Amino acid sequence: MRVKFWGTRGTRPTPGRSTLRYGGNTACVEVRTTADDLIIIDSGSGICELGNALQGPVRAHLLISHTHWDHIQGFPFFGPNFVRGSKLTVVGPKGSMKSLQSAFADQMDPVYFPLTMDQMPIDLEFREMVSGESFEAAGVKVTTHTMHHPIATFGYRLEADGRTFVYATDQEPWSDPDELSDLVAGYQAEGRPAAEIEALWPQQYIEWCRGADLLVHDAQYSHEEFKTRAGWGHSSFDYALLVARQAAARQLAFFHHEPMHADHQIEAMVEEALGADAHRKHRGLLAFPAAEGQEIVL
Ligand SMILES: [Zn+2]
Ligand SMILES: [Zn+2]
């Protein structure tokens, strides 16, 4: 598998000189299989540049973590949408406020965009999944996992040719046991499957990340910032590092950069997080901030 970052920023696009190194486009990752088939994860503003780099009609899976702006806002500007013969299978979590298809169609309402989704020549298929469900996309085994975020959100674990790539963003660590037990009680009352309930436990999250050759993880906040951002649905650099260590990941890309962080601040926060972790005697993990345009071969 090859992984390329087209958008690494969280929340909103942040062009400008202070974000040149790690990038200003919102979430979008390209995954290529050994057969060169295409899987795209999230369609933040980064997907526009990816679209410009693709030739002719495109057939691909588009895995959507959730429908917050920074994960779908680039979609109306994705060039292959306007090329006849293109086909996208769009996958996302079931159980959000509105269907995945409606969320995509509504952002192309004529109030916001000159063409409706139905007017685009691309063939779109929308598939909503439940947490823990596995399916195959372009010969890759994909397993979903619910993230701790204000709306229904998935992470995706991709496995092919003995390699594993885990995309885990818009995830806040569970710090309030009462909040977690309330959610479990709610799931039980709704009669959700046991596997979906078990998947909520923090240890299950680590198991889902286990052995990743590359873990792309939410790291929006510094240690200090995180203290005042409870409930915003994001992680700190130290939490991303903790997950990577516990799950014995080989590489960790800090992702979903906070729009207020300039490149040099991101670097300082990575150093702060790695420094605090140095005494833990875990070795062999390569940790770095995800950079727009960066490509990693697994
Ligand atoms: Zn986000
Ligand atoms: Zn979000």
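1. Helices (H or I, at least four residues) and strands (E, at least two) are DSSP runs, numbered from the N terminus. This is a predicted model, in which local features need pLDDT of at least 70, side-chain atom pairs count only at pLDDT 80 or more, and totals for chains, interfaces and linings use all residues. Residues are numbered from 1 along each chain as its sequence is written, while chains are lettered from A and ligands numbered from 1 in the order in which they are written.

2. Helix α6 spans residues 202-209, and Tyr205, Trp208 and Cys209 are buried in it. Those buried residues fall within an arc of 95 degrees seen down the axis of α6, so they line one face of the helix. Buried means 20 or more other C-beta atoms within 10 Å of the residue's own; exposed means 12 or fewer, partly exposed lies in between, and C-beta atoms are placed from the backbone. The arc is that of the directions from the helix axis to the C-beta atoms. An α-helix has 3.6 residues a turn, so residues three or four places apart point the same way. The packing partners of the buried residues of α6 are β8 (140-146), β9, β10, β11 and α8 (237-246). Contact requires C-beta atoms, placed from the backbone, within 7 Å.

3. From first C-alpha to last, α4 reaches 18 Å, close to the 18 Å expected at 1.5 Å a residue. That expected span is 1.5 Å times one less than the number of residues. Gly191 follows α4 and has a positive phi near 70 degrees.

4. Overall picture of the chain. There are nine helices and 14 strands. A compact globule of 298 residues would have a radius of gyration near 19 Å; the chain has 18 Å, which agrees. The radius is taken over C-alpha atoms, and the globule rule is 2.2 Å times the number of residues to the power 0.38. Along the principal axes, the C-alpha atoms fill a box of roughly 55 × 50 × 40 Å. Of the 298 residues, 44% count as buried. Among contacts between residues at least 6 apart in sequence, 67% join residues at least 24 apart.

5. One open sheet has seven strands, in the order β7-β8-β9-β10-β11-β12-β13, with mixed pairing. Its edge strands, β7 (134-137) and β13 (286-289), each pair on one side only. Neighbouring strands of this sheet are turned by 20 degrees against each other on average, direction ignored. Two strands pair if DSSP finds at least two bridges between them. Axes are lines fitted to C-alpha atoms, for helices over the stretch in contact, and angles run from 0 to 180 degrees between N-to-C directions.

6. Strand β10 sits in that sheet. Five of its six residues are buried. Strands β9 (residues 154-160) and β10 (residues 163-168) pair in the antiparallel sense over five bridges. Tyr156 stands opposite Tyr167 in β10. Two residues separate the strands of this hairpin, where Asp161 takes a positive phi near 50 degrees. The pairing of β10 with β11 (residues 214-218) is parallel, over four bridges. Here Ala168 stands opposite His217 in β11.

7. A further open sheet of seven strands runs in the order β6-β5-β4-β3-β2-β1-β14, again with mixed pairing. The edge strands are β6 (123-129) and β14 (295-297), and each pairs on one side only. On average, its neighbouring strands are turned by 20 degrees against each other, direction ignored. Strands β5 and β6 pair in the parallel sense over seven bridges. Val91 has Arg127 as its bridge partner in β6. Helix α1 (residues 46-53) lies across β1 (2-7), β2 (28-32) and β3 (38-41), and runs at about 120 degrees to β1.

8. Pro93 deserves a look. This residue belongs to strand β5 (residues 87-93). Pro93 is buried, with 23 other C-beta atoms within 10 Å. Leaving aside residues up to four places away in sequence, Pro93 touches His66, Glu128, Met129, Ala152, Thr153 and Phe154. Pro93 and His66 are 27 residues apart in sequence and 7.0 Å apart in space, C-alpha to C-alpha.

Key. Contact = placed C-beta atoms within 7 Å.
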